Each structure stands twice: as structure tokens, then as C-alpha cells.
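Work through these exercises on aromatic rings. Keep the structure in view as you go.

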Amino acid sequence: PLKPETSTAETKRSKVEIFKEQSNFIRYPLNEEIYTDTPNINEASTQLIKFHGSYQQYNRDERGTRSYSFMLRTKNPGGKVPNQLYLTMDDLADQFGIGTLRLTTRQTFQLHGVLKKDLKTVMSTIIRNMGSTLGACGDLNRNVLAPAAPFMTKEYKFAQETAENIAALLTPQSGFYYDVWVDGEKFMTSEPPEVVKARNDNSHGTNFPDSPEPIYGTQFLPRKFKIAVTVPTDNSVDILTNDIGVVAVFDENGEPQGFNIYVGGGMGRTHRQETTFPRLGEPLGYVPKGDILYAIKAIVATQRDHGRRDDRKYSRMKYLISSWGIEKFRNVVEQYYGKKFEPFHELPEWEFKSYLGWHEQGDGALFCGLHVDNGRIGGKMKKTLREVIEKYNLNVRITPNQNLILCDIRSAWRRPITTVLAQAGLLHPRYVDPLNLTAMACPAFPLCPLAITEAERGIPDILKRVRAVFEKVGLKYSESIVIRVTGCPNGCARPYMAELGLVGDGPNSYQIWLGGTPNQTQLARTFMNKVKVQDLEKVFEPLFYYWKRKRQPKESFGDFTTRMGFEKLHELVDKWEGPVQSPVRYNLKPFADKETYEAMEELAKLQNKSPHQLAMEVIRNFVAAQQNGKSE
């Protein structure tokens, strides 16, 4: 394929491109900066350290001198975390972090609050305990997603193995990571021969022949690059939000035949710049199973050589495909691949799968999916998880919904494990509010430098308020919608796929997105801008009220908002004066005496609820607590 002209004279390049070029493959000046006495590192190093899996941050709640620290992100293809690595991360959070671990929407750990002077200790400890942070951030292939469920079926094992091979194929080769953190000691794991063969193959001009980075060269990719692998029907990985979505295709006996490939998904955008947008992946074509690594490499090389490097807002592959169109993109990729893509294979509908609760693995053992609010593990929950994981020597997996799966549990251990977990608030999913089960938020304040408003710290209250509105308009407790909140428009918690997405667009204010679907196959659209956090009910109430009254049988909230159209919905929100109060139909009269009723009424007023709502809530919580105590 023709390489585009790259003489610097005529192409403007972003600053980061120059830092990369001058860094001797992502080493300099970081390798000197980590030893200086300042608590922070210089501008070039803050860009380079991302490739090593870390971001420089400071506490934005504190005024005055900035207190700098570093967030580390691990790389765990398919979310797999060996027992030893989990225990190591748990220790590091207490010794060098802020005492919590954060599970991410890309199946990795984030460890916040590491001081510069401790970076080398923490990094080398992770490396020596079966972990890595290499390429968890930066302009290269990030963590490869795959379904986290440890099912022992051919299909699931094949998808996970494919994810691991793609991750290995696109791992940097020049050794910069080990040079900086473990003084050049090599911790390379043995790679499958097919990965090495595919990486070294240069029959179609994909490689830099004499470079220490055969695929990436000195400049790596224009921007971050995200890949997910899954099996038909299983959309636990938000497949369409990735630069490349890979779907394994099987015959009727579960034998792998090949892969459907989607390209051009991506969430990030910039407020008030309509030329930036979230985008869904679209079909590129099908490849036989032996060709997947070559096809992936061809797509990566196309983005590497043709993606924009002048303005990082437009550097993701989605913008290249948007400007070229899929036909031209396919033609160029085929030159690097050396073959034509075959037509897509027909696949069944996607479903969102959460894997919460207890399931058979298929090898006699069980796994248990635990809901972790926003992926934040701390306090009693952290202590208890550690005890269980250590005592039973369990491996774990992280899901793309910020949850944790405990694997390889013998059936005899089920009851004692359930009891211990419930005491720490890790409940069976049937005792967790359905709204919480699918909700996600990014960390945002206080440590994320990009946050415009709250996300993780704000979502618990927002979910409680949504539930209160549900009750007010008569929606059942079992009903739910997918809610995702981010503190800025970059979209780490993928809010543009939610039925109700809240995207920070000012202090204490959100842009509201509507129209995603429960199985994450449709992009939401902007419904309103600059809604103050205290005014959310004014929008939620009419929307949920009319959804309850005007929906078709089994119609999800996202589908309802799309069918009604935003013009009509705006009209309903503007004219809203409150729900029409219908007489209460329940015949549960918990108030036998006037004093209790009056006391309840006072308390309810304080919480902006009816006495009946409050009574129902109290009873429901009591029942759940009782059941929890004695459930298996």
C-alpha cells in the first residue's frame, strides 16, 4: 500500500507526536523524571507515562498547592485476574494508594493516589506478580475486552483466547516498559507461535522492517485504540463502541469458523463541537479463523498510516472511516491484508448479559458475579473480598460493567461464601435495586483532570431520585432502565449507549442523552443541555410518567423515547405540572394508629415522599434485610 507522505514540512503535527518522536521509544525524559525531587513530572513525561499505564493527577477538591499523585491502570485481557495479582493489587491499594481499588469499564483495575517516589516500587511489584500496566493508556491498543464469564464452553474459551492473542500481537516490543520500571529485566511470557508469526509477517507492507516496534514504529498510533471480542448474542462488552469489534462465528457443533468484524466505534466527543461525535461500529466483513490476527494488523496499520495526527480531537479511527466512508476504508485495509473480506455472517440478536449471581462454569465448579457500585472496592467490602479470595484461592475476573466475578468455587463453599459476602453488603443481585445493576459512572471528581462535574460521587443520589420518581409515577420496583453518568464528554462510562445518559457539561449540570437500548445496540442522542442537578426531576418525571402510560407492551424506555420523537417529548417536559393523582389501590394499611401515621407523614415530607411511599420503602428494606440474613 502507498504510505502517505510524512515529510514534516507540509504536515502540522500535534505536540504529542513530537514528544513520541523524541522519546527513544517512550523512554526519555520519563526515565530521568521519575528520579527528580518534584512531586510531579514534566509535560513530555506526563504524555509518555500513559503508554506505561499511568496518568498524573491532582486532588481537585483541595485549593492551594496541587497535591500530585498517579493513577495506575492494569492490563487484563478479558478481565482475567490471577489470584496472586488480585492479592497484590489489594495490598498496593493500602500501602501506596488511597485504600480503594477501582474496577473499570474495560475490565481492568485502577489504583489511585500513588506518589511519584513510590511509582517504581508499585510498578515493579505489579510486574513481578503476574501483572502489567503496559499499554493500558496511551496511543496504542488498550485492554482487549472479552466476555468475563468463566464458562468452560468451546465458544467462550475461544473468544477469550482470541482476545489474549490480539492483546499479545499488539503489545509494544521495544522493551521501554521494563527498562524504566525493572531496569531492563525481561518478564516476557511465552507467546503462541501464531502470534509471533503474524507480528513478523510483512508480506503486505504492514511493518517497519528494522524497527524495535515492527507494528507501531516511533510514532505508535494517532490515538487510543480499543478492541473487543465476543460470541454471538453476548453483548456484555458493548461491542459496537470499540474501534474494532470481533465476533467469533461457530458451526452447529460449537467449532469456530471465523469472525465478523465491526470497525469505527468510539465514544469520545467535545462539547459544542458538532464535528466530534460518538459513533457505532459498522460491518467491515468476515474473515476465516486463521486470518484474524492478519486482519486486525491490517486495520491497525491503516489507522496508523492514515489517521489524523494534527489534531487529537479527530485522531480516533472513527473519524477516518467517517471521512472516507466504509468502502474506501475496506479497500485500503484489504491492501494491507492481502485478501478481500468475505460478507458478514448472519447473527442472532444481541443481549446484555451481566453474569451476576451464581452460575455453573461447566466443569463442576461455580462462579459468582458480584455487583460493585461503580466498581469501587473499599472499606468492609474490600476486606471481605480479600479474605474470601485468599482463603479459597480463587481467581477473579472483572466485567465491562465494573463488576467482579469470583471463579472456580466448589459447591460446598457456596453457602459460607454467600453468608460472608452478604454481611459485607455484597448481596445476591435480587436484593440490589435493579437500577443499580446496570448503572455505570466514571470516577470524575476529585482526581480526574478532565471532570467538569460529579459522576461516581453523584450517581448514588441520582439513582435514589430516579427510583423515587418511578414510585411517584407508579412504575414498579422491578422496572429498570440503563443509566450511565460521566463527568465529561469523553464518555468513559459509555453514556451515549444508555437509555438515559447524563454527561457533565458544567458545574453541577448535565447534558441529557436519551434513546440507547437495553442491549447496547443503538446510539443515544442529545435531548437537553445544561440541566442543573437539582432540576433533574423536572425532566425525569414527565418522561417516566408518559413512558408508563403510553408505552407499547414490553417497550423499553430507550425505544419509547425514540418512537415518541424528541419534539413531542420536549413539549411534554415543557407543559409538565405533575402526575394526575389516582386513588391508591393498595390495600396494605400499615398505620393502625393515628400517632404512627402522623409521625410517618412528618418524616415523609422531609424526604419529599408520600407516607405510603416511605412505608413501602421501609417494609421492602426490612424484608430484604431479613431474607439476606437467611438466604443461602
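Buried means under 20% relative accessible area, exposed means over 50%, and partly exposed lies in between. The model is predicted.

**Exercise 1.** Classify the ring pair of Tyr58 and Tyr68.

Solution. A pair of aromatic rings is described by the distance of the centres and the angle of the planes. Rings pair if their centres lie within 6.5 Å, and planes over 60 degrees apart count as edge-to-face. Tyr58 and Tyr68 are 6.1 Å apart, centre to centre, with 65° between the planes. So this pair is edge-to-face. Tyr58 belongs to strand S1 (residues 54-58), and Tyr68 to strand S2 (residues 68-73). They are 10 residues apart, and the pair links distant parts of the chain.

**Exercise 2.** Decide whether Tyr58 is buried, partly exposed or exposed, and do likewise for Tyr68.

Solution. Tyr58 has a relative accessible area of 21%. Tyr68 has 19% relative accessibility, so it counts as buried.

**Exercise 3.** Classify the pair of Tyr545 and Tyr546.

Solution. The ring centres of Tyr545 and Tyr546 are 5.1 Å apart. Their planes stand at 90°, so the pair is edge-to-face. Both Tyr545 and Tyr546 are buried.

**Exercise 4.** Which residue lies over the face of Tyr58, and which over that of Phe566?

Solution. Arg66 lies over Tyr58, 4.0 Å from the ring centre. Over Phe566 lies Arg525, at 4.1 Å from the ring centre.

**Exercise 5.** How many aromatic pairs does the count give?

Solution. The count comes to 27 aromatic pairs. Ring pairs also build a cluster of Phe470, Phe540, Phe544, Trp547 and Phe557.

Terms used: Residues are numbered from 1 along each chain as its sequence is written. This is a predicted model: local features need pLDDT of at least 70, side-chain atom pairs count only at pLDDT 80 or more; totals for chains, interfaces and linings use all residues. Side-chain values use heavy atoms; hydrogens and water are left out. Rings of Phe, Tyr and Trp (its six-membered ring) pair if their centres lie within 6.5 Å; planes under 30 degrees apart count as stacked, over 60 as edge-to-face and the rest as tilted. Helices (H or I, at least four residues) and strands (E, at least two) are DSSP runs, numbered from the N terminus. Buried means under 20% relative accessible area, exposed over 50%, partly exposed in between (1.4 Å probe, protein chains only). A charge sits over a ring if NZ of Lys or CZ of Arg is within 6 Å of the ring centre and within 35 degrees of the ring normal.
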